[in-house]
Amino acid sequence: MELKRSLTTFDSISVLFSSMVGSGIFFTSGYLIKETGNLWIVLLCWIVGGVLALSGSITYAYAARLLPFAGGDYVYLKVAYSPAIAFMSGWSSLLTNFSACVSVLALAFGKYVQILFPGLPVWESPTFTLLGLDLQISSITFIGILPILFFSGLNYFGIKSAVRVQNVFAVLKITGLLLFLALGFSIGNTNWSYLWNSPFPNLLELSFYSKVLIGIVPVSFSYLGWNMITYIAEEVKNPEKTIVRSAITACFLVAGLYFAINLLFVISAPIEELAGQDGIGAIAFQKLFGVNYSILTTSFIAWVILGSMSAILIGGSRVYFAMARDGVFIPSFSKIHPKWHSPYVSIFFQAFVAILFLFVKEIEALLYMITCSILILSCLTAATPFRFEKMGMKSDYKIPFYPLPIFLYILANIAVMTILFIEKPVTAGWGLMITLIALPVYYGFRLDKKMVKVKN
C-alpha cells in the first residue's frame, strides 16, 4: 500500500507557509535584540535568514524533482551518499528537527493560553538538571500536550483531512498578519526614532559578524519549514511542477512578511522594553493599538502557533515512515492505514517524543539545540545536486544562479555552526550528540536484521 497523491499547489503552499510561520516570529526578535543590542542587526538577520531559506529551498527542489518520495533529506542522502548518513538525518528529525520544534510551539502555546485564561491554575515543579539541560514539569507542560494529541489524531484520518484544516489556519493566519501590518503602519502608535537612534553597526568590526551569525540561529528556527514540501512530496500532485513553484512562492511570501513584521516591532517600543522578551509580539501590539486589544492579539498568536504545529506534525511523520519502509527502523512505523492512507504508527510515536521534550524548561535552549542538529546534515543535503550530476542523475530543473545558492547555503551553515559551538557549547553539544548517536542505532538495526535472517 502506498501514500496517495492528493495535494494541490495551493495545499502545498499552505503547508509550507503554515510550517514556516509559527511562534518564532512572535518571540525570536526579543532574544535577538538581547543578544545583538542593535535593531539594525536584528533586521539584517531576518533578511539574511530569508536569503538562506530561499537558497536552501531552490537547492532542495533539485533533489525533490529527481526523487519525489516521502522522507525529504533522508531519501536524498540515502541515494547520494549512504543509508547510514541518511539514517542520521532521519534520527535527527525524530529527536530534534520535528519533535523538538513541535515542543517549542506547544510550550509557547501553553504560555499564551495562560495569558488568555488568567484563572487557570499556574504551577511548576522545582528545576532539575540532566546533562546540562534544565528540566521542569509545569502547568504549561500539560497545556502543551493537548494540541499535540489533537493534531496527531487529526493526521490519523489522512493527509487530505489534515490539510483541509491546515488551509483554514493558513488563510486566517495570512489575513491576520496582513491586517496587522496594514493597521500598524497606518494608524498604530509607531515611533521611527526607536530605529534611527539605534547606532548603525560598524561593518569593519569582527563583533558585527559574530552578532549576525549568532542572531541567524534563532532566525533560522523561525524560517524552519521551507523544506516541508520535500517530506510530503509523495503525496503531491504533479510534483515536477508543484514542488518548485510552491517552495519559491512560500519563501518569498514569508520572508517579506517577516521583515515587515519585525520592522513594525522595532518601531513600536524602546529597545529596552523589547530586549529579552519572549512575548515581543504581544508587547508590540499593545504599544501600537492599546492594551484593550491584548486578548485579540494573544488569541491570534495562539492560532498561528497551532497552524504551524499542525503542518510540522504532518511532515515529520513521513520521515520515520520512509526509514521503516527501507528496513532501518522499527518495522511497524511503515504501516499505512487501509482506509485513511496515513502512516499512523509514525504519527503517534512522533507525538510521544514531542511530549517528552515539553519537559525542557527553556525554549531558548531547544532553539539552539534544534538549529545545530539541522545544520550539520543540511550542508550534505544541499550538496546533493553535485553528487546526483556525478552519478548521471540529471533533472530538467535548473537551479537559478547555479552553483551560487548551494555554496551560499553551505558556507552560511558552517559559519553559524562555528559561532554556535563557541557561544552556546552545551546546547550545540546536545545537537551534535543526538546526531552522532544515530550511527550505533543504525548499525544496531542492521545487525538485528541480519540476525533475524540467519535464524530464519
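Helices (H or I, at least four residues) and strands (E, at least two) are DSSP runs, numbered from the N terminus. The model is predicted, so local features need pLDDT of at least 70, side-chain atom pairs count only at pLDDT 80 or more, and totals for chains, interfaces and linings use all residues. Residues are numbered from 1 along each chain as its sequence is written, and side-chain values use heavy atoms, with hydrogens and water left out.

**Stop 1: S268**

Select S268, which sits in the loop between α12 (239-266) and α13 (271-274). Is S268 buried or exposed? With a relative accessible area of 3%, S268 is buried; the classes are buried under 20% relative accessible area, exposed over 50% and partly exposed in between (1.4 Å probe, protein chains only). Next, display the backbone oxygen of F265, which the side chain of S268 reaches at 2.6 Å. A polar contact is a pair of N or O atoms within 3.5 Å; within protein, one must be able to donate a hydrogen and the other to accept it, and residues adjacent in sequence count only if both atoms are side-chain atoms.

**Stop 2: the largest pocket**

Rolling a probe the size of a water molecule over the atoms shows where empty space is left. On a 1 Å grid over the protein atoms alone, a cavity is a set of points where a 1.4 Å probe fits but cannot get out, and a pocket is an open set with protein on both sides within 12 Å along at least five of seven lines; lining residues have an atom within 4 Å of a point. Grid points are joined across faces, edges and corners, and a volume is the space filled by probe spheres set on the points.

The volume of the largest pocket is about 300 Å³. Select G176, L179, F180, F285 and L296, the closest to its centre among the 16 residues that line this pocket. Two or more lining residues come from each of α8 (159-187), α14 (280-289) and α15 (294-325), and α8 gives the largest share, 6 residues. By class the lining has 13 nonpolar, 3 polar and no charged residues, where Ala, Val, Leu, Ile, Met, Phe, Trp, Tyr, Cys and Pro count as nonpolar, Asp, Glu, Lys and Arg as charged, and the others, Gly among them, as polar.

**Stop 3: the cavities**

How many cavities of 30 Å³ or more does the structure hold? There are 3. Of the 21 residues that line the largest cavity, select N97, L224, N227, Y231 and I374, which lie nearest its centre. The elements giving two or more residues to this lining are α5 (83-97), α11 (228-231) and α17 (363-382). The lining of the largest cavity divides into 11 nonpolar, 9 polar and 1 charged.

Move on to the second largest cavity, with about 170 Å³ of space. S220, W226, L375, Y409 and N413 lie nearest its centre, out of 14 lining residues. At least two residues of this lining come from each of α3 (39-66), α10 (206-223), α17 and α19 (404-423). Its lining has 10 nonpolar, 4 polar and no charged residues.

**Stop 4: aromatic rings**

Rings of Phe, Tyr and Trp (its six-membered ring) pair if their centres lie within 6.5 Å; planes under 30 degrees apart count as stacked, over 60 as edge-to-face and the rest as tilted. The count by this rule is 31 aromatic pairs. One of them is the stacked pair of W192 and W196, at 5.9 Å centre to centre with 20° between the planes. W192 is partly exposed at 36% relative accessible area, whereas W196 is exposed at 53%. Now select F87, W91, F329, F333, F349, F352, Y442 and Y443, which ring pairs link into a cluster.

**Stop 5: backbone geometry**

Centre the view on Y402 and P403, joined by a cis peptide bond with omega about 0°. P403 lies in the loop between α18 (384-390) and α19. F401 is also placed in the loop between α18 and α19; F401 has a positive phi of about 60° although it is not a glycine, and counts as exposed at 72% relative accessibility. Finish at N238, in the loop between α11 and α12. N238, not a glycine, has a positive phi of about 45° and is partly exposed, with a relative accessible area of 49%.
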